[in-house]
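Dear colleague,

I am handing over the structure below, and after it I set out what was found. Please read the notes with the structure open beside them.

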Amino acid sequence: MGRYVLRRLLQLIPVFIGTTFLIYAMVWAVPGDPFAGKCGERPCPESYVKEMTEQFNLDDPLVVQYFKYLAQLFSGDFGETYNGVQISQLIANAYPTTVRLALVALVIEAVIGVLAGIITGLRGKGFLDSLVLVSTLFLISLPVFVTGFVLKVWLGTELDLIKTSVGSDPTFGELLVPGFVLGSLSMAYVARLTRTSMMENKRADYVRTAYAKGLEPRRVVGVHLLRNSMIPVITFLGTDLGALMGGAIVTEGVFNIRGIGGLVYKAILTKEGMTVTGIVTLLVLVYLLMNLLVDILYAVLDPRIRYD
Amino acid sequence: MRKGRLAAMLAAPLAVALLASGCGGGGSSASADTVTVEWGEPENPLIPGNTTEVNGGNVIDSIFSGLVKYSPDDASVSNEMAEQITPSPDNKSFTIKIKPGWTFHDGSPVTADSFVKAWNYTAYGPNGQQGASFFEQIKGYDDVNPADPDGASGPQEAPKPTAETMSGLKVLDPNTFQVELKAPLAIFPTMLGYSAFYPLPEVFYTDKDGFEDKPIGNGPFKFDSRSPNESLTVTRYDEFKGEDKAKVGAVEFKVYDELDTAYQDLVSGNLDFIRQVPVSALTGDKWRADLGEGAQEKPGLLTQNIAFPLYDERFKNPDLRKAISMAIDRPTITQQIFAGSRQPADGWTSPSVEGFVPGQCGEYCTFNPEKAKQLLAKAGGFDGTLTIITNGDGGHNEWSEAVASSIRQNLGIDVQYTPTPTFSEFRRQANAREFTGMYRTGWVADYPNIETFLTQLYRTGASSNDGEYSNPAFDAALDKANAAPNVEAANKLYADAEKLLANDMPVIPLWTQPVQAGFSTERLAEAKATPFRKLDLTSVTLKQQ
């Protein structure tokens, strides 16, 4: 077990270097000149372009640029944006907000999704099953910006129940609606996934045995059936947390949440390679650690799963 | 089960470590005396000479005061820090006397030296300041900022500057300095309110990084705090010596990515001011119903045009350009796309600018399909596809489609709208002279005089003359206007120069854009938007609670 975790942690290093290089290279593969649009309708003064090119090593070959960046990163410095702001400061401002938003979304999608999945999975075909099927289909087919905008205008502007935008240091309460919007798509998937998994395992031998032993139905479902059925759901939720943190661009835009998604999006547009790489590096770490966490959780859920 | 427990014990702290980072606490609370304003992240550090875009400019304008200021109502020019600006008889040199007793926010005095040193710093090439070119009229500019012989992208390096200061700037006494220009320019004092001409305190030169983190100016507000990508707060500077003192305690500039979001916030009372109403709210005058008294409209200093790449052989014939202009149904397009919120343009400048003359474009900017067809025939028709190029990220798609279809229908030629993905890519093509079709141009005035719409855009070889238009008669007309004895005479002569553009039609004027801003009447009693589409922060007053 310990060896397994250690091996997995060591694997992070090549994955980390590979992804950061790919990201760095890709940002620069996007055609365009970072200083072409910076001075409005007029071209930037030559002296300005020259100064900036020198400051950000833009004349160096890509690989040299990347290693200069990496050396800087290992000394704990994320670098500066073109407008002179420390990237570490940008990340420090945006990360807590995004983590909070992702958590709210994750909790909402897990609780509602799993509950809906269990209920429909146990009861099988019927009115409730059809209702969940239709509503999840509906959620899956709606683009996030539609859900977000409708909820914002309806709950915020029309009914005045929520604030239409989220402050710079939001509370969990403020993030409930944005979290719901962000998690809505995955919520539908979680419900479907749980339902299918429950249906499948309902007829498994071990469940029949448990009933035959005379166990209470609640115990059969809660301890035996649910634990095994949760494996695919946990896998999905684990990777989804990573996706939620990076993919909240639309939701963050609709509710003006100053998080990671919007930051990355803007940085890509303005060709701020350092900002993109810095943030994506952190996202990669989250993904890798979440995957590790999910893998370890398998053993908790199903003792038959062995490591090493 | 043993393995499972162990796994759980490992998993739990990992989960906690991951999630803990997100659970910092503490809420931000704005005081009742703070006004919140819609804003965007500035593109450069907040140094006046390095800020040429509007977001940074908004903040810079609140914490700095220039020699002259522009009225928030009609952009008329009056002295701010300048006591007197005396031109020489030939308008080639100006003696500027500043009001004594002003101080920067750190307590140091504002002297003639504060201006001269700041201007020299901005103009000096190796400092790489965006606003450097604003000083190109001053004598000695070419010594401190020599041009790169083959442009920034060429292999040759720009020569080293031979001087560190411009020879045209002289400090006469602590409160007086003299500016000598390369050539006469009657409207020079009008330009002095632009942010590149602001003074800088001594501390800037000794601690640049510190200054970037916490800019120190001489304006009605002083910098308080900034949270990058979220907000920036300025507070009232009580020792401000100018006439327009701030009436509110603090202003918080709030970063928004979507204008629609800011608008929703304004309507539901979470925001006090937006500089621009989104197109979605203009439809059916929704914004007037939503905002009531808070809906503000005034002529702006912005134009929207379509330009021709005159370096492309196919566009060399002026009759073709006129034909295209006359085939565009401006009134219908402005009505249908912008709900009547833009005015069809009949010239190359904006109605709210000093020296504006209506109808400069005459019949060539009037919709006339018959005449357009005749002109097209006279020009020998147009082969192939005519493209309209705009950046796809700036909300130009709808009107570009409409203009394309208007030309297609009325001239019977194939017209296509071809967007480029981003503004930056669009500008790269413009700078590299890569356009193969008509392209969008827009211009926001830097200072309120019609000259700002002419020199930079249409003079031979000017920095923003992307279409490479060149007409010696037009250049000569500009020279004549620059050398006029006073501003009124200069304005008349600039208008004469503008009239020459009608014959050549290097750029088709489409419409001018009024400033449509909004403020929350729940909290504010008064808030003025300037013709530059900024909030005039000193005019803001809160409602009595």
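Helices (H or I, at least four residues) and strands (E, at least two) are DSSP runs, numbered from the N terminus. This is a predicted model, in which local features need pLDDT of at least 70 and side-chain atom pairs count only at pLDDT 80 or more, while totals for chains, interfaces and linings use all residues. Residues are numbered from 1 along each chain as its sequence is written, chains are lettered from A and ligands numbered from 1 in the order in which they are written, and side-chain values use heavy atoms, with hydrogens and water left out.

In chain A, helix H4 spans residues 87-123 and holds A:Ile112. At 40% relative accessibility, A:Ile112 counts as partly exposed (buried is under 20% relative accessible area, exposed over 50%, partly exposed in between, with a 1.4 Å probe and protein chains only).

In chain B, 4 strands make an open, antiparallel sheet in the order E4-E5-E7-E6, where two strands pair if DSSP finds at least two bridges between them. Strands E4 (82-87) and E6 (169-173) of chain B stand at the edges, each with a single partner strand, so one side of each has no neighbour in the sheet. Within this sheet, 5 bridges join E5 (residues 93-98) to the antiparallel E7 (residues 176-180) of chain B, and B:Ile96 has B:Phe177 in E7(B) as its bridge partner.

Finally, B:Thr530 lies in the loop between strand E18 (524-529) and strand E19 (535-542) of chain B, and at 10% relative accessibility B:Thr530 counts as buried.

Best regards
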